[in-house]
Amino acid sequence: MTNTKELQKVIEESGLSVTEIAAALGMSVPTFISRKKGESEFKASEIVRATTLFKLTREKRDYIFLPDV
């Protein structure tokens, strides 16, 4: 399950809008919002794009997207 609080911090720090993030991740705004809230899981390809978009370290990526591992 996604660490939604940590993801929200990264989003706020990025200065990007929800629309810009959704487009960069290749999804609609409603889909991104659903994933951001933890209502559905991010796909591996979306995690890869998010890692690049937000310039996440491997550790930070895992902390946000794979917190239960």
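**View 1. Confidence across the predicted model.** In this predicted protein model, confidence is lowest in α5, at a mean of 96, and highest in α2, at 98. The score is pLDDT, the predictor's confidence in each residue on a scale from 0 to 100. The protein averages a pLDDT of 95, and 99% of the residues score at least 70. Helices are DSSP runs of H or I with at least four residues, numbered from the N terminus. Residues are numbered from 1 along each chain as its sequence is written.

View 2. Helix α1 spans residues 4-14, and Glu6, Leu7, Val10 and Ile11 are buried in it. Seen down the axis of α1, these buried residues fall within an arc of 140 degrees (taken from the directions from the helix axis to the C-beta atoms), so they line one face of the helix. Lys5, Glu12 and Glu13 are exposed on the other side of α1. Buried means under 20% relative accessible area, exposed over 50%, with a 1.4 Å probe and protein chains only.

**View 3. Surroundings of helix α1.** The buried residues of α1 pack against α2 (18-25), α3 (29-36) and α5 (58-65). Just after α1, Gly15 takes a positive phi of about 75 degrees.

**View 4. Glu46 in helix α4.** Glu46 lies in α4, residues 44-53, and is buried, with a relative accessible area of 5%. Leaving aside neighbours within four places in sequence, Glu46 is in contact (heavy atoms within 4.5 Å) with Leu25, Met27, Arg35 and Glu41.

Note on methods:
This is a predicted model: local features need pLDDT of at least 70, side-chain atom pairs count only at pLDDT 80 or more; totals for chains, interfaces and linings use all residues. Side-chain values use heavy atoms; hydrogens and water are left out. Helices (H or I, at least four residues) and strands (E, at least two) are DSSP runs, numbered from the N terminus.
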